[in-house]
Amino acid sequence: MLKINNLCAKVGDNEILKGLNLEVKPGELHAIMGPNGSGKSTLAAVLAGRDSYEVTGGTVDLDGVNLLDLEASDRAREGVFLAFQYPIEIPGVSNLNFMKAALNGKRAHKGQEPIKAKDFLAKVKECSSLVELDGRLRDRSVNEGFSGGEKKRNEIFQMAMLEPKLAILDETDSGLDIDALRVVSKGVNAMRSSERSFIVITHYQRLLEHIVPDFVHVLSNGKIVKSGGKELALELEEKGYDWLKEPSHDTSNV
Amino acid sequence: MSVFTDKFSATLPPPTRKSERWKYSPIAKLLNNEVSISTEAAQGMNGWPESVLPNPVLSLDAYLVVFKNGVFEPTLSDLPVSDGVDCIPFSKMDPSASLDFSNGYHQKEWIGELNETYRQDGLCLHVHRNVKVDRPIVIHHLTDGLNVASFPKHLIKVDEGAELNVVVWSSASERSSGMYNGLLEASIGPNALLSLEKVCNEGGKVFHFSHEHIVQERDSKLKMHTFTIKGDWVRNELEIISRGKGTDSVFNGAYLPLGTEHIDNHTTMDHTSSDGTSSELYRGIMYGDSTGVFNGKVFVRPDAQKTNAFQQNTNIVADRGAAINTKPELEIYADDVKCAHGCTVGQFDLDALFYLKSRGIDEKAAKALLVEAFLGDVLSSVSSTELSEEIMNLYTERHGW
Ligand SMILES: Nc1ncnc2c1ncn2[C@@H]1O[C@H](COP(=O)(O)OP(=O)(O)OP(=O)(O)O)[C@@H](O)[C@H]1O
Ligand SMILES: [Mg+2]
């Protein structure tokens with residue numbers, strides 16, 4: 001499904017991804033762990049098409065489509081979804097209008113008619129109950145005044161609405177209380193299928209008890225430096241990252 | 001003769017860049033040409049263009065009063081309006097019955113003197129005590145022709161406890177050029193309400209000047225909106241004087257100029273009496289190579305204790321070639337007052353834009369959502385949804401969202 005080959009990216013003069021390789025097959029769930037500042041969110045943003053990052057090398061292929069050639073909105077229409085580490089507040093744009101525009105954008109891309117109001121509302125109901133998103137939150141402006149945990153739930157609600165092929169969850173567990181973590185994990189697990197793949201970025205092994213990964217990778221200094229099964233997460237919990245870190249050539253990154 | 005031409009002559013000098021009030025809005029280009037001024041029903045060039053409809057907001061159930069190139073057009077107007085309201089063009093009324101007040105603008109500014117010298121007509125609108133006018137009154141100015149000028153002046157008096165909604169709309173055909181110089185003076189009696197929407201949607205190359213002067217008596221309320229949908233060169237001047245205790249003045253505006261358009265909003269809020277509140281919100285998005293000016297003066301005089309004045313001007317400069325000059329001017333001479341103000345010039349929020357795009361919304365649609373949100377606070381206080389929807393539709397159509 002997804003093949004990342006030797007991906008390099010920078011911001012300004014700051015090289016962040018330095019030859020990253022990763023392959024994700026349909027239905028697989030890959031966890032990415034790694035120290036702060038190692039490039040996890042950068043990888044997520046580059047995959048989703050944030051243009052403030054300059055891709056300086058490598059390829060990203062999603063089912064035969066070169067993702068790097070596409071605008072962010074077209075990548076989403078091809079089935080990429082990013083749950084943000086820090087979801088954005090957009091005052092004045094209602095959550096529902098936002099989702100309607102998103103769904104219809106995707107449908108137009110597939111040559112489908114805009115969704116009927118009734119079907120849309122039914123879908124909203126189904127997806128918000130999946131993550132127990134309060135009805136009042138749905139009706140408000142996008143993320144405006146949401147608590148940290150509410151924003152994360154809203155991300156998973158959006159994922160459920162958009163039914164992506166590849167979902168990238170960037171620290172969706174951070175800021176969630178214990179119950180919310182369970183609810184959100186349940187939502188993610190409900191969406192797992194043989195056609196849908198996940199990349200789950202997290203710092204905590206705890207999440208991976210709820211959402212069990214097929215593979216765990218360690219990203220350090222812009223590269224995957226270690227890959228393993230779910231037991232790798234336990235090992236990291238115990239030993240930290242020091243034993244894996246590549247000696248850095250860029251002193252500012254130490 | 002129904003049209004005469006003239007090169008503007010006035011005793012006051014035309015404003016130049018040396019004057020602070022006109023520094024960023026030069027009018028030199030206007031002064032080169034002679035202009036034609038209609039004195040009788042204007043036919044336009046080869047008949048009136050169909051693109052400029054007599055009724056600007058078809059969905060709005062309103063009384064329509066039409067002026068073509070400054071001349072009243074009885075066949076297109078719905079006069080008289082309901083009981084308790086005198087609503088007659090000056091040209092059709094007994095001068096002794098006419099309202100008569102003037103803020104002396106014609107003695108202060110070249111623009112004002114031109115209006116006084118060349119004035120053709122205008123609406124005299126008097127709402128009697130406690131009368132709540134059943135429908136909005138839409139005053140529509142249509143311009144068509146090369147180097148034409150029109151000089152309306154409207155007087156509005158809303159007596160104690162009365163309520164009135166007026167829309168002053170100006171349109172011009174694409175082939176038009178010249179000047180629109182429109183004055184409006186209003187007085188709002190105790191406990192009365194005036195809602196006033198001013199919309200400029202002019203094609204062609206018309207220099208559009210408008211000057212509104214509004215005096216508020218005790219406990220009266222003003223809700224004013226100034227929308228510039230389209231206009232090659234537009235200057236809106238608004239002066240509000242709170243003359244009695246406990247007045248409430250809300251005045252908002254929006255502008256989204258394209259190409260080389262120029263938009264200037266000069267506002268003055270003068271609190272002379274106590275317990276007044278004022279709230280001003282102007283929002284603009286500058287596209288292409290457009291230029292803009294916002295100048296918002298707020299005076300709080302020594303007797304205006306317990307005034308609460310809010311002012312905000314927020315601008316997005318969407319393209320590299322565009323620019324806006326924004327300046328708040330607060331002069332506060334009373335001590336027990338609350339005043340807040342902020343003027344900002346920024347870009348589209350790139351984080352928000354990326355967030356929307358990452359959900360499959362294309363750039364254009366994402367920007368449209370952000371624009372709609374940005375204008376929402378200005379549009380939501382417009383007196384009717386028919387009007388606010390029409391305004392949003394016109395922006396949408398013009399910008400191709
Ligand atoms: N827009 C940017 N401008 C400058 N530097 C950036 C930018 N985005 C990321 N960086 C830098 O790139 C490096 C990687 O950042 P990134 O956010 O990808 O780390 P991360 O692995 O997600 O960290 P965390 O675990 O703290 O979320 C950091 O040193 C960061 O400061
Ligand atoms: Mg991160």
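The model is predicted: local features need pLDDT of at least 70, side-chain atom pairs count only at pLDDT 80 or more, and totals for chains, interfaces and linings use all residues. Residues are numbered from 1 along each chain as its sequence is written, chains are lettered from A in the order in which they are written, and side-chain values use heavy atoms, without hydrogens and water.

**Chain A**
- Chain A has 9 helices and 12 strands (DSSP runs: H or I of at least four residues for helices, E of at least two for strands, numbered from the N terminus).
- Its radius of gyration, taken over C-alpha atoms, is 18 Å, close to the 18 Å that the globule rule gives for 254 residues, so chain A is as compact as a globular protein of that length; the rule is 2.2 Å times the number of residues to the power 0.38.
- Buried residues (under 20% relative accessible area, 1.4 Å probe, protein chains only) make up 52% of the 254 residues in chain A.

**Interface of chains A and B**
- The contact (heavy atoms within 4.5 Å) takes 30 residues from chain A and 16 residues from chain B.
- There are 4 salt bridges between chain A and chain B (a side-chain nitrogen of Lys or Arg within 4 Å of a carboxyl oxygen of Asp or Glu).
- One salt bridge joins the side chains of A:Arg50 and B:Asp351, at 2.9 Å from N to O.
- Elements giving two or more residues to the chain A side include α1 (40-48), β7 (90-94) and α6 (148-162).
- α3(A) gives the most to that side, with 5 residues.

How values were computed
Buried < 20%, exposed > 50% of the residue type's maximum accessible area, 1.4 Å probe, protein only.
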